[in-house]
Amino acid sequence: MAIERVREYFAEYNMESRIQEFDVSSATVELAAAALNCEPKRIAKTLSFMVDGRALLVVTAGDAKVDNRKYKDRFGVKAKMLSADEVENLVGHAVGGVCPFGINEGIDVYLDESLKRFNTVFPACGSSNSAIELTIEELEKYSGFKAWVDVCKEWFT
């Protein structure tokens with residue numbers, strides 16, 4: 001299971017005990033916010049795209065939407081999200097639990113500027129009923145991100 005892969009990943013840093021598992025689904029921003037009793041915008045959703053034949057991940061705030069123009073300006077191609085089957089095969093986590101931790105090799109991770117307005121955010125942990133609370137500095141450290149990007153719209157400070 002992908003959550004075990006994430007648990008093993010965080011065990012390397014003695015942080016596996018910070019993973020929260022729920023009796024309810026946290027597969028969408030709204031469900032995760034309800035399970036965590038937090039604002040939806042603090043859910044760090046991980047979106048999966050295909051660029052030049054390779055998967056990449058963009059972690060954004062829960063209230064942010066990808067801006068096609070900004071995305072194309074940054075990555076040079078139209079935003080094309082992976083199908084559910086592609087996500088699981090290429091990234092290593094199923095839709096609803098996708099996160100930047102414990103992923104397959106060779107996947108670049110980007111963090112969107114929409115996250116910088118929070119002290120802590122809640123990304124998933126490989127399953128549709130898990131999350132972990134991380135500071136932005138911890139998200140940077142443990143996601144192995146390549147760069148900060150500005151590819152979203154409709155979020156507010």
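Let me start with one side chain. Arg54 has 43% relative accessibility, so it counts as partly exposed. Keep in mind that this is a predicted model.

What does Arg54 meet? Its side chain forms a salt bridge with that of Asp108, at 3.7 Å from N to O. Arg54 sits in strand β3 and Asp108 in strand β5, so the pair ties together parts 54 residues apart in sequence.

Asp108 has another partner. The side chain of Lys146 also meets Asp108 in a salt bridge, with N to O at 3.5 Å. Here the link runs from the loop between α5 and β9, where Lys146 lies, to strand β5, which holds Asp108. That pair is 38 residues apart. Is Lys146 buried or exposed? Its relative accessibility is 54%, so Lys146 counts as exposed; the threshold for that is over 50%.

How many salt bridges does a search of the whole structure find? Eleven. One of them joins Glu21 to Arg7, with the closest N and O atoms 2.7 Å apart. This pair also links distant parts of the chain. Glu21 is in strand β1, residues 20–21, and Arg7 is in helix α1, 14 residues away. Glu21 is partly exposed, with a relative accessible area of 47%. Arg7 is partly exposed as well, at 21%. Buried would need a value under 20%. Glu4 comes in too: Glu4, Arg7 and Glu21 are linked in a network of salt bridges.

Now the sheet. Six strands form an open sheet with mixed pairing. The order is β8-β6-β2-β3-β5-β9. Which strands are at the edges? They are β8, residues 134–135, and β9, residues 147–149, and each pairs on one side only.

Look at β2 and β6. Strand β2 covers residues 43–51, and strand β6 covers residues 120–123. They run parallel and are joined by two bridges. Ile43 has Phe122 in β6 as its bridge partner. Helix α2, residues 29–36, packs on the sheet and touches both β2 and β6. The direction of α2 makes about 155 degrees with that of β2.

On to the nonpolar cores. The largest has 33 residues. Phe10, Val91, Phe101, Leu115 and Ile132 have the most contacts inside it. Which elements supply at least two residues each? They are α1 (2–11), β2, β3 (54–61), α4 (84–91), β5 (108–112) and α5 (136–143).

Take Leu115 from that list. Setting aside residues up to four places away in sequence, Leu115 touches Ala44, Val59, Thr60, Ala61, Val121, Ile136, Leu139 and Trp148.

There is also a second, separate core of 15 residues. Among its members are Phe75, Ala79, Tyr110 and Val151.

Tyr71 lies in helix α3, residues 68–75. Its relative accessibility is 0%, so Tyr71 counts as buried. What does Tyr71 touch, leaving out residues up to four places away in sequence? The list is Phe49, Val51, Leu56, Val66, Gly76, Val77, Lys78, Ala79 and Val151. Look at Val151 in particular. Tyr71 and Val151 are 80 residues apart in sequence, and their C-alpha atoms are 4.9 Å apart in space.

That's the tour. Happy to take questions.

Notes
Residues are numbered from 1 along each chain as its sequence is written. This is a predicted model: local features need pLDDT of at least 70, side-chain atom pairs count only at pLDDT 80 or more; totals for chains, interfaces and linings use all residues. Side-chain values use heavy atoms; hydrogens and water are left out. Two strands pair if DSSP finds at least two bridges between them. Helices (H or I, at least four residues) and strands (E, at least two) are DSSP runs, numbered from the N terminus. Contact means heavy atoms within 4.5 Å. Axes are lines fitted to C-alpha atoms, for helices over the stretch in contact, and angles run from 0 to 180 degrees between N-to-C directions. A nonpolar core is a set of buried Ala, Val, Leu, Ile, Met, Phe, Trp, Tyr and Cys residues joined through side-chain atoms within 4.5 Å. Buried means under 20% relative accessible area, exposed over 50%, partly exposed in between (1.4 Å probe, protein chains only). A salt bridge is a side-chain nitrogen of Lys or Arg within 4 Å of a carboxyl oxygen of Asp or Glu.
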